[in-house]
Amino acid sequence: MEAKKYEISLELLEAELQKEQYKRRYGRVLRSTVFSLLVVAAAAVLIAVLLLPVLQINGTSMTDTLQDQDIVVAVSSSKYKTGDVIAFYYNNNILVKRVIASAGDWVDIDKDGGVYVNDQLLDEPYITEKALGDCNIDLPYQVPDGRCFVMGDHRATSIDSRNTAVGCVGNDMVVGKILLRVWPLSDISTIK
């Protein structure tokens, strides 16, 4: 009888040992999983903030290219060219406009809204209606060093480099070049 008692105790001990080993393995796997998820989340946040900022469009200055409430992804870059759509800081806000001219270029706009850069009329298939808009700068205008001249695609309503309130955009103000519209899902597309 005593031998049977020891057998039962031994079986109970082995079962208890297996439970404890399972708990330890489970705890290690759980800690490892949580740590991995935290690292992935931190990396995603860093990428989103530093390399691929996600922005929501507010306003109509970029209509028809971008609509109010669209969500877009930008790529952090200090290199952009005429025609690129960029996001930049202005008075604690982020504005989105199209690059028209770079440092040293001469910009002129006729009364009908035709835009000339270095005496060449720009081909602007992205705008539906030309307009001089809110322009209080002296034309022709030379873009200062380290800056670019930007305009919204909805020329009649956009406040941009044509107005001294915004002026030309410094390279240090640029958040990035807009690459992709991701919302609404029905309009996912690259931005040209």
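This is a predicted model: local features need pLDDT of at least 70, side-chain atom pairs count only at pLDDT 80 or more; totals for chains, interfaces and linings use all residues.

Reply: Residues are numbered from 1 along each chain as its sequence is written, and side-chain values use heavy atoms, with hydrogens and water left out.

Me: Is D153 buried or exposed?

Reply: D153 sits in the loop between β9 (147-151) and β10 (169-170), where strands are DSSP E runs of at least two residues, numbered from the N terminus. The scale used here takes buried as under 20% relative accessible area, exposed as over 50%, and partly exposed as in between, with a 1.4 Å probe and protein chains only. Because its relative accessibility is 2%, D153 counts as buried.

Me: Which residue has a side chain joined to that of D153 by a polar contact?

Reply: Contact means heavy atoms within 4.5 Å, and, leaving aside neighbours within four places in sequence, the residues that D153 touches include S61, Y126 and R98. A polar contact is a pair of N or O atoms within 3.5 Å; within protein, one must be able to donate a hydrogen and the other to accept it, and residues adjacent in sequence count only if both atoms are side-chain atoms. At 2.8 Å, the side chain that makes such a contact with D153 belongs to R98.

Me: How many residues apart in sequence are the parts that K177 and D84 tie together?

Reply: A salt bridge is a side-chain nitrogen of Lys or Arg within 4 Å of a carboxyl oxygen of Asp or Glu, and K177 forms one with D84, with the closest N and O atoms 3.6 Å apart. K177 lies in strand β11 (residues 174-183) and D84 in the loop between β2 (71-75) and β3 (85-90), so the parts tied together are separated in sequence by 93 residues.

Me: With which residue does R155 form a salt bridge?

Reply: R155 lies in the loop between β9 and β10, and its partner in the loop between β7 (120-121) and β8 (141-142), so the pair ties together parts that are 31 residues apart in sequence. R155 counts as buried because its relative accessibility is 0%. With the closest N and O atoms 2.6 Å apart, the partner of R155 is E124.

Me: How many salt bridges does the structure hold?

Reply: One of them joins D112 and K111 at 3.9 Å, N to O, and both of these residues are exposed. The number of salt bridges in the structure is seven.

Technical notes. Helices (H or I, at least four residues) and strands (E, at least two) are DSSP runs, numbered from the N terminus.
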